[in-house]
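Colleague: I have a structure open and I'd like to learn how to read it. Can we go through it feature by feature?

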Amino acid sequence: MAFKTRSAGLRKISLVSSFVVLLLMVVFGCYVNLTVPKPVMEEQDIYYSYVEGSRLVEGENPYARVLESDMRRNKKYATYFPVFYELSYLSQLWGLDSFEKWMAFWSLIFMVFEFELAALLYLVLAQQKLEWAGVFAAAFWLFNRWTLVMVATQNMDFIPIFLLVASLLLFPRRQGLSLFLFSLSLGFKQIAIFLVPLYLIWVFRAGGSDWLKQVAKAVALIASVPLVSALPFLVWNARGFVKSVLFSATRVGSSLGGISLDAVMGWDGLPARIVMLALMLLVYLLASKGGPRRYLLCFFVMAVFVAFNTVLFIQYFVWLVPLLLLLLCEFLGKPENRADGV
Amino acid sequence: MSRRISLIVSFFTFLLLAVLAREVNQAIPEPVLEQQDIYYSYVEGKRLREGKNPYARVLGGDMRENQKYATYFPVFYELSYLSQLLGLRSYLKWIAFWKVIFLLFEFGVGLLLYLALARHKLEWLGVFAAAFWFFNRWTLKVVEMSNLDFIPIFFMLLSLMLFPRYKWPSLFLFSLSLGFKQIAIFLAPLYLVWVWRSAPTKDRWRDMLIAGLLIVSVPLVSGLPFLFWNAEGFIKSVLFSATRYSSNQFEIPSLDQLMGWSGLPGRLVMLALMGAAYLAAWRGYGRKYFACLLVMSIFLDYNAVLYSQYPAWVVPLVPLVFCDLAGTPQSDGDGVQDEVGRLA
């Protein structure tokens with residue numbers, strides 16, 4: 001794989017041919033996406049996002065149901081921040097009033113974000129003169145088992161993952177926009193919430209004497225989308241909203257293939273998360289000392305989340321994949337090209 | 001905190017973690033061990049004791065359907081046989097003994113992680129790595145199943161750590177890892193690439209040949225009796241993993257399963273991605289642990305067969321990538337700047 005080319009002419013040929021390969025992969029990716037056998041969609045998480053949208057259409061609060069729960073057993077409560085429920089509601093208002101129509105529209109959107117992420121990975125590596133590593137990253141992303149299972153189950157994770165990756169890439173040059181995109185990612189699904197301290201540390205370290213103002217601005221930006229989108233629900237039923245969002249932290253675990261430490265030890269609720277949080281704290285501490293690299297730190301935090309969180313769903317793995325691939329920028333590129341963070 | 005105090009305190013913290021890990025291990029509810037893979041390693045040892053060839057059974061199969069055939073290289077089957085000869089004849093006695101050994105290797109892996117990072121003046125990151133290793137859900141799963149994976153993982157890591165300074169012993173340790181379980185076999189081309197790149201130009205082919213011989217040494221020597229006994233059975237048993245019907249305990253199908261591709265052609269995408277990683281290493285891109293992390297991640301994300309113990313092979317490689325950033329000439333030979341030194 002000719003990662004580097006020696007002359008401008010060869011570089012152009014390498015860029016064009018790698019781009020052609022990328023396009024071929026996208027075509028093959030489309031074929032794979034259309035071929036992947038789909039399970040019964042009414043049993044999948046995405047169906048409940050449609051249901052929450054329907055509830056909103058009918059004037060019901062999706063976050064109220066959790067009030068009847070014991071905060072332990074999951075009965076498909078609305079647990080994400082509301083951006084996607086609101087979009088589900090709007091798309092139903094606009095005429096996508098049956099699940100089939102609604103799903104057909106959203107699966108197209110999910111696919112667009114899936115392929116955009118592949119293109120983003122390619123572009124960021126091509127920018128560092130690593131276009132063939134970009135082709136590798138795009139292939140890895142499009143065809144690994146975790147991405148494919150998301151395609152099969154039509155989960156909406158591709159949207160927040162794309163926003164997270166775009167945010168990470170933009171951070172050094174467009175901090176404000178980057179923080180807003182991160183906020184948008186959280187607004188869709190709060191899986192990346194454990195990266196918030198990393199963002200704040202980076203802002204703090206780059207803030208100089210103005211750090212307090214910069215950090216306050218960053219906090220406001222990160223909180224903006226979840227907060228603004230949630231305002232109607234906070235006014236409507238604050239208790240229901242807060243309890244719904246906190247449900248993920250108190251619910252009974254579910255551990256795909258493995259067994260989590262807290263399940264072994266019989267620890268419950270928030271205390272069960274202490275070991276995971278302690279390990280994440282060490283990563284934050286490392287970041288606060290100035291090192292080592294942005295993507296690596298994010299990869300570490302998400303790896304701790306996947307390896308330790310009480311609840312483990314299939315879709316959590318797919319968050320790790322693009323972060324692993326972003327490490328290619330930090331481990332393959334020349335030192336001056338690497339994304340060294342702040 | 002002075003460096004010496006930091007080292008002493010961090011090492012005691014590591015020891016404390018090891019003690020806690022033992023407590024945690026004991027708290028794991030034991031499944032019915034007769035249904036676990038480890039039971040069949042006992043059975044293969046017993047077959048040897050009875051004069052039967054464990055690798056012959058596969059000849060009655062169709063190379064697709066798994067009937068708990070002996071598919072590893074024979075080191076552990078031979079050790080199973082020897083330990084039964086030495087008196088551990090009942091399964092209960094046998095597994096009680098081997099569980100202690102597995103535990104020692106699990107701690108050994110934790111110690112290696114701590115030492116690898118402490119060497120780069122990152123002893124507290126070493127404590128983090130050990131905690132990450134001891135308590136993550138995949139290590140705990142291997143403990144629950146009493147699988148033998150900690151032994152080959154330990155040898156693989158020791159081999160990777162020793163490679164820059166003790167190339168030949170490192171290759172022997174890698175061979176030993178393969179002899180127990182061939183999961184790390186996809187790292188073999190990386191080792192060969194590193195040998196090629198680190199050898200003086202005139203000695204490259206000679207060094208490659210020696211490296212190749214060293215890597216195959218343990219599987220070959222331990223496999224010799226079985227090759228004489230029934231070569232077809234041995235070869236077919238070892239190849240069975242590549243031709244068998246896919247099976248995965250996560251119930252997350254891979255690309256080839258979804259597309260209905262089977263057998264060796266089903267592995268082509270995985271092998272192509274690995275080929276790209278090898279080629280990158282050959283061109284001098286990437287560092288030791290990151291290259292291994294990448295290759296093992298491809299295996300995990302693309303291999304049609306996926307068992308609960310496979311992620312445990314990737315876990316220790318995650319914290320080790322920090323050593324790549326430290327990049328002293330002794331650690332990975334590419335002389336990159338000491339980027340994490342300032343964190344010490």
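Colleague: Where is Gln154(A) found?

Modeller: Gln154(A) sits in the loop between helix H6 (145-153) and helix H7 (158-170) of chain A. Helices here are DSSP runs of H or I with at least four residues, and strands are runs of E with at least two, numbered from the N terminus. One caution: this is a predicted model, where local features need pLDDT of at least 70 and side-chain atom pairs count only at pLDDT 80 or more, while totals for chains, interfaces and linings use all residues. Residues are numbered from 1 along each chain as its sequence is written, and chains are lettered from A and ligands numbered from 1 in the order in which they are written.

Colleague: What should I look for in the backbone there?

Modeller: Most residues other than glycine have a negative phi. Gln154(A) has a positive phi of about 55 degrees, although it is not a glycine. Lys129(A), in the loop between H4 and H5 of chain A, also has a positive phi, near 60 degrees, and is not a glycine either.

Colleague: Is Gln154(A) buried or exposed?

Modeller: Count the other C-beta atoms, placed from the backbone, within 10 Å of a residue's own: 20 or more is buried, 12 or fewer is exposed, and in between is partly exposed. Gln154(A) counts as buried because it has 21 such neighbours. Lys129(A) has 18, so it is partly exposed.

Colleague: How do I read two helices packed together?

Modeller: You give the angle between their axes and the distance between the axes. The axes are lines fitted to C-alpha atoms, for helices over the stretch in contact, and the angles run from 0 to 180 degrees between N-to-C directions. Take helix H1 (residues 8-35) and helix H5 (residues 131-143) of chain A: their axes come within 9 Å and cross at roughly 5 degrees. That makes H1(A) roughly parallel to H5(A); the label covers angles under 35 degrees, with over 145 roughly antiparallel, 65 to 115 roughly perpendicular and the rest oblique.

Colleague: Which residues make that contact?

Modeller: Contact means C-beta atoms, placed from the backbone, within 7 Å. Among them are Ser14(A), Leu22(A) and Gly29(A) of H1(A), and Trp132(A), Ala138(A) and Phe143(A) of H5(A). By class, the contact has eleven nonpolar, four polar and one charged residues. Ala, Val, Leu, Ile, Met, Phe, Trp, Tyr, Cys and Pro count as nonpolar, Asp, Glu, Lys and Arg as charged, and the others, Gly among them, as polar.

Colleague: At what angle do H1(A) and helix H4 (residues 99-127) of chain A pack?

Modeller: About 160 degrees, with the axes 11 Å apart. H1(A) and H4(A) are therefore roughly antiparallel. On the H1(A) side, Leu15(A), Leu22(A), Val26(A), Gly29(A) and Asn33(A) meet Met111(A), Phe115(A), Tyr122(A) and Ala126(A) in H4(A). That contact has seven nonpolar, two polar and no charged residues.

Colleague: How many residues of chain B are in contact with chain A?

Modeller: 45 residues of chain B are in contact with 43 residues of chain A. Several helices of chain B each supply at least two residues to that side, including H1 (3-27), H5 (123-135) and H12 (268-282). The chain B side divides into 29 nonpolar, seven polar and nine charged residues.

Colleague: How many residues of H5(B) are buried?

Modeller: 13 of its 13 residues are buried, leaving H5(B) mostly covered.

Definitions and conventions. Two residues are in contact if their C-beta atoms, placed from the backbone, lie within 7 Å.
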